[in-house]
Structure formats: C-alpha cells, structure tokens
Amino acid sequence: MNKNIRLLTLALLGLATTACEKQLEEYNPSGATAEAVFTTPEGIETAVNGTYTYNRTIYGKESGYALLEMGTDIWTSAASNGATSTNGVTPQPSLMTYQGLNADNVWVKNNLWQQCYAGINLCNQTMKYIGTANVTSARRPSAEAEVRFMRAWYYYLLVESFGPVPLQLEPTEGVVTTATRASVDDVYTQVLSDLEFSLVNLPVTLSAYPAPATASDYGRITRPAAEAFAAKVYLTRGQYQRAANYARKVTTGYTGQGIRLLTNYADLWNINNQRNTEVLWAVNYSTNLTFNAGSNLGHTFFLMEYNTLPGMTRDVANGFANVRYMPTRFLLNLYNEQNDSRYAASFKQAWLANNSATIPKWSQAEVGQNAALAPLLNQPKFAVGDTAVLTTKRSIPNFQQQYTTRFRFRTYDIDDIYNADGTPKDRFHYPSLRKFDDPTRASATETQSSRDVFILRVGDIALIGAEAQVRLGKADSAAYYVNLVRTRAALPGRTAAMQVTAAQMNLDFVLDERARELAGEQVRWLDLKRTGKLLERVRNYNPDAKNDIKDFHLLRPIPQSDIDAVTNKGEFMQNPGY
C-alpha cells in the first residue's frame with residue numbers, strides 16, 4: 001500500500017488512545033510489539049474495541065459533516081464556513097460548493113481516506129491473530145463478527161466515496177510501494193462477505209454477548225445493527241428484495257427485544273435520553289472529555305450567530321455558534337409545520353433574552369406621533385426571558401412597515417434570509433438545527449460535547465424499506481413505511497393529515513421524507529449518491545453549488561500524496577476530472 005497507509009501500521013501499537021469509561025474501554029499497551037499485543041485474549045479485545053474508534057474522526061466532526069451531509073440539496077454555507085474555528089479547524093468550503101475541490105483536500109485525505117484505511121488495517125491485524133490468541137470459543141465468533149462488520153463499514157464509506165479502491169485483506173507490515181484499485185464490484189463482494197458473516201455470528205442484544213464483552217459496552221454492534229447496514233448495502237447494490245427483507249426485520253421484527261420507533265420524535269434529541277429504543281448503533285463519546293481525543297462538535301456547526309443580537313449573549317443553553325452550515329430554502333420548505341412536529345423538534349426558531357444590558361428601548365422615531373405608543377418611549381422593548389430573536393420559514397407581509405406596531409424583537413423571515421431563487425441573503429441568521437444541542441456543557445465557552453452520534457436508527461431504516469419498495473414497484477408497501485415515521489411525527493390531532501397514499505410514492509418523495517426525518521445526520525450525500533439524484537438535486541435546489549458541481553463529483557478525489565507515493569503510477573490512477 002502507499003506511504004499514507006504504511007504509516008498507519010504504527011497505530012497498531014497504540015490501537016486507540018480513546019477510552020469511553022465503561023463503554024468499549026480500550027488501553028494503550030505501551031512498548032509492546034504487535035505480536036505480543038495480539039497473542040492474548042485481552043489484546044484481541046483491545047483490538048476489537050479499537051476498530052470502532054476511527055468512526056470518531058468522522059461522526060460528530062466538522063470534516064464528517066462536510067463529507068457526508070454537505071454539498072447536497074439541503075445545506076449550504078453560513079457566514080463562517082471559511083473562517084478558522086476556535087479549536088483551530090480550517091474549514092474546507094469546497095466540499096460545500098465543489099468549487100476548487102481537488103486531490104489535496106485535507107479532509108478527504110486525512111479524515112476519510114486515511115482513517116478508513118487505518119480502521120481496516122487494524123481489522124486485518126486482529127483477524128490475523130484472533131485464531132491463535134486463545135480467545136474463548138464462546139467469544140471468538142462474535143469478536144470476529146464485530147471486526148468484519150467494521151471492515152465492511154469502512155470499505156462501504158470508501159467505495160461509495162472513491163469508487164474503485166485498494167482492497168487490502170491482510171495487515172500492512174513493512175514498506176509497500178505499490179497499490180492497485182479493486183473494482184467496485186470486487187469491493188462490494190468483500191463487504192457483503194464480511195457482512196453476511198456478521199449477520200450469522202452477532203448476538204441480537206448486548207446482553208447476549210459472552211464475556212469479556214458485556215451489556216455495559218454501549219456502542220457495540222448487534223445483529224439488528226448489522227441487518228440495518230445490510231439493508232443499506234443491498235439497496236445500494238440494487239438487490240431491492242433483500243434490502244426490503246432486512247428493513248422489515250429491523251423495523252418490525254425486534255419489538256420483543258425493545259427495538260422500535262420512539263413515540264415522540266423530539267425525544268430522540270433529548271440529551272438525557274440518548275440510549276433509547278430507536279438507536280441501533282451510535283458512536284459513543286465519554287463524559288470525561290479528556291478521553292475523547294477530539295470530542296463531538298456537532299452542536300456548534302448549525303447554530304446561527306445569536307450572541308451579537310439585542311438582548312442576547314452567549315450561554316450554555318443557547319450553545320456555542322460556529323455559524324458553519326445553514327439550511328437551504330428548499331429544506332425549510334419541505335416541512336409543513338402545521339402538521340409535522342419534526343420542524344420544531346429539529347430547528348430552533350426563537351431565542352429568549354438573556355442579557356438585560358443590551359435590551360433595546362423604544363425610540364422617538366419608533367413611537368412617532370402615535371399616542372397609543374407614547375408610554376413606550378425610552379422603555380425596554382422586552383425583558384429577560386421574553387423573545388429577543390425570531391427566525392421563521394414563513395413570509396411576513398409588509399414586515400418593515402409593520403415593525404413598530406407588530407414586533408418588539410428582532411425578526412428574520414424567509415424573505416430576509418433568502419432570495420426567491422434560494423440564494424442566501426443573510427448567512428448569519430436563520431432557523432438553526434437543534435438536534436445536537438448540548439445543554440450539559442460545563443460553560444458557555446466549552447465547545448466539546450459528550451453527546452453520542454447516532455449512525456443507524458429505526459426511523460432511517462423504515463425509510464430505507466420505503467425506498468426498496470418503490471424500487472420494487474410496490475407503492476402500497478412504500479407508503480406503509482413512510483407512514484410509520486409520519487404517524488410518529490404528526491402533531492396532536494394531525495395524524496390523518498400526515499398520512500400519504502400509494503399514489504404519492506416515488507423516489508423523490510422518499511428523498512424528501514428522508515430530509516425531513518434525517519436532516520443533519522450525516523447520511524444525505526450517500527442518499528443522493530445511492531439514488532442517482534446528487535447532480536440533479538444540487539442543481540435544482542442548492543444555488544450556491546449548482547454552477548460548480550460536475551458529473552465527476554459523484555466521486556471524491558484520491559489523495560494526491562498517495563498517488564505520488566506509489567511506484568506503479570500507471571496502475572494507480574486518479575479519479576476522472578481531478
């Protein structure tokens with residue numbers, strides 16, 4: 001493998017420096033050789049746990065949101081998307097608009113390509129030694145199933161992002177100077193082989209894991225999570241009936257084991273309810289932030305700049321705003337807030353005053369000669385605890401003319417935020433995704449969060465089932481799955497209004513529903529890639545990116561440093577267009 005991958009073999013001695021208290025605990029066997037580490041059951045267990053940790057460089061990180069959620073139809077750049085953040089991260093706005101996206105993009109290289117191959121190499125190393133490390137007969141099948149699941153997962157991210165990629169099934173040891181890209185079909189053959197092994201050998205619940213893996217190891221893969229992944233892989237590969245079968249099993253087949261949709265959509269995002277019946281697999285972050293080696297920062301990226309507005313100052317409850325990502329006008333228009341609870345549960349629209357020193361007072365110009373308003377002169381417009389800022393997806397007619405009589409607080413309506421063609425007018429102020437808020441942070445300036453990141457959940461897989469049924473031409477079945485999530489999402493008394501019919505079922509409707517259900521959850525780029533809708537939807541609904549996305553952007557660029565490192569450059573070629 002090329003030099004970037006060779007360097008990753010050194011990580012085997014550290015395995016993972018991240019610990020999660022009682023969750024998938026890892027240790028660093030300092031000073032030990034790889035052979036010594038992997039010759040004991042404890043060493044194998046450390047390695048198994050270590051294979052999970054590379055997901056923490058992708059999920060809940062700015063690079064991961066940029067790679068897996070941005071550059072789509074539902075998000076665009078907010079005001080600070082080009083500014084270095086307080087923790088020293090330099091954004092890569094080319095992943096938002098595709099302008100200037102090239103083979104030197106550091107997030108493509110460092111946070112996707114290298115991390116996935118690091119995870120794969122550790123999987124391969126573990127597989128090499130697991131048979132000779134005296135792992136118990138009870139534990140070995142599930143341990144190998146976890147490792148093979150993770151190898152399949154990382155190859156899935158790679159093959160969907162880059163197309164043909166090097167297929168490495170043995171650990172990289174020593175100096176390797178050549179690399180060959182395996183076909184997409186060959187990579188998926190291996191993904192499915194690993195995944196099918198996992199489906200047979202993983203337990204249904206954590207409590208069924210044999211020691212030393214225990215039920216306290218939240219975040220460990222179980223069979224329902226593997227089946228959810230299988231539904232996505234088979235759907236991606238066009239094996240729609242298999243995808244539908246797995247989606248049905250995950251969605252309805254494990255209620256006896258406590259796996260089901262939550263009753264209330266908003267409860268998914270309650271930070272005190274993270275381990276709930278809907279989550280199939282999550283990347284778990286420790287409440288001891290020193291263990292996270294780069295914590296979950298998802299709560300910062302989608303927030304608008306509220307702290308400079310009248311009556312407001314930065315605080316824990318309202319979050320640390322990095323002002324990176326804002327919704328497209330298209331995304332906001334997908335929600336019917338009269339019927340659908342997901343809009344209010346997903347987006348923060350109102351900010352309550354928390355700073356009396358900056359609350360504005362009524363001026364003579366605003367009061368004018370209106371006798372009814374005269375008592376307001378020089379009085380505060382609102383008090384601490386009152387609404388200070390409102391952002392809305394609605395259009396407020398004659399807003400400027402009616403400000404003095406209708407609005408005491410700062411208001412940004414849909415026409416203040418966007419032009420009619422969807423181009424943002426105001427990239428500082430907009431309805432802000434609130435799913436990842438963390439009101440448990442220690443202070444207003446603390447950016448790190450211990451919030452877990454959901455990778456697979458039942459609501460997602462129900463809509464995978466709907467997509468599979470659309471592909472099979474079974475519109476009634478597709479509507480059934482869509483109505484599962486829409487019934488849960490309905491506001492009180494609006495269940496009937498939220499139901500859909502078979503006649504409405506097509507691929508675009510399912511994609512719209514996935515946007516309403518899963519906005520921000522690091523699945524959108526893969527959704528559009530899988531359905532063949534990425535180019536069409538970006539061009540139709542993302543005015544910031546529509547002129548720069550090209551046909552070749554269906555794949556990411558192979559890192560140039562890897563191409564430069566190999567000696568067989570005629571065989572290890574760059575993706576077209578880069």
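A charge sits over a ring if NZ of Lys or CZ of Arg is within 6 Å of the ring centre and within 35 degrees of the ring normal. With that in hand, welcome to the close-ups. This is a predicted model, in which local features need pLDDT of at least 70 and side-chain atom pairs count only at pLDDT 80 or more, while totals for chains, interfaces and linings use all residues. Residues are numbered from 1 along each chain as its sequence is written, and side-chain values use heavy atoms, with hydrogens and water left out.

**View 1. Two arginines over aromatic rings.** Arg516 lies over the face of Phe509, 5.6 Å from the ring centre. In the other example, the charged end of Arg220 sits over the ring of Tyr209, at 5.5 Å from its centre.

**View 2. Aromatic rings in pairs.** Rings of Phe, Tyr and Trp (its six-membered ring) pair if their centres lie within 6.5 Å; planes under 30 degrees apart count as stacked, over 60 as edge-to-face and the rest as tilted. By this rule there are 31 aromatic pairs. One of them joins Tyr117 and Tyr155 edge-to-face, with 6.2 Å centre to centre and 85° between the planes. Tyr117 belongs to helix α6 (residues 106-129) and Tyr155 to helix α7 (residues 140-162), so this pair links distant parts of the chain, 38 residues apart. Helices (H or I, at least four residues) and strands (E, at least two) are DSSP runs, numbered from the N terminus.

**View 3. Phe149 meets Phe229.** These two rings are also edge-to-face, 5.3 Å centre to centre with 65° between the planes. Phe149 is in helix α7 and Phe229 in helix α9, so the pair ties together parts that are 80 residues apart in sequence. Phe149 is buried, at 0% relative accessible area; buried means under 20%, exposed over 50% and partly exposed in between (1.4 Å probe, protein chains only). Phe229 also counts as buried, at 0%.

**View 4. Arg151 and its neighbours.** Look for Arg151 in helix α7. Arg151 is buried, with a relative accessible area of 5%. Leaving aside residues up to four places away in sequence, Arg151 touches Ile120, Cys123, Asn124, Met127, Leu169, Gln190 and Asp194, where contact means heavy atoms within 4.5 Å.

**View 5. The packing of helix α10.** Ala243, Ala244, Tyr246, Ala247, Val250 and Thr251 are buried in α10. The buried residues of this helix pack against α8 (184-201), α9 (223-236), β2 (279-283), α17 (458-471) and α18 (475-489).
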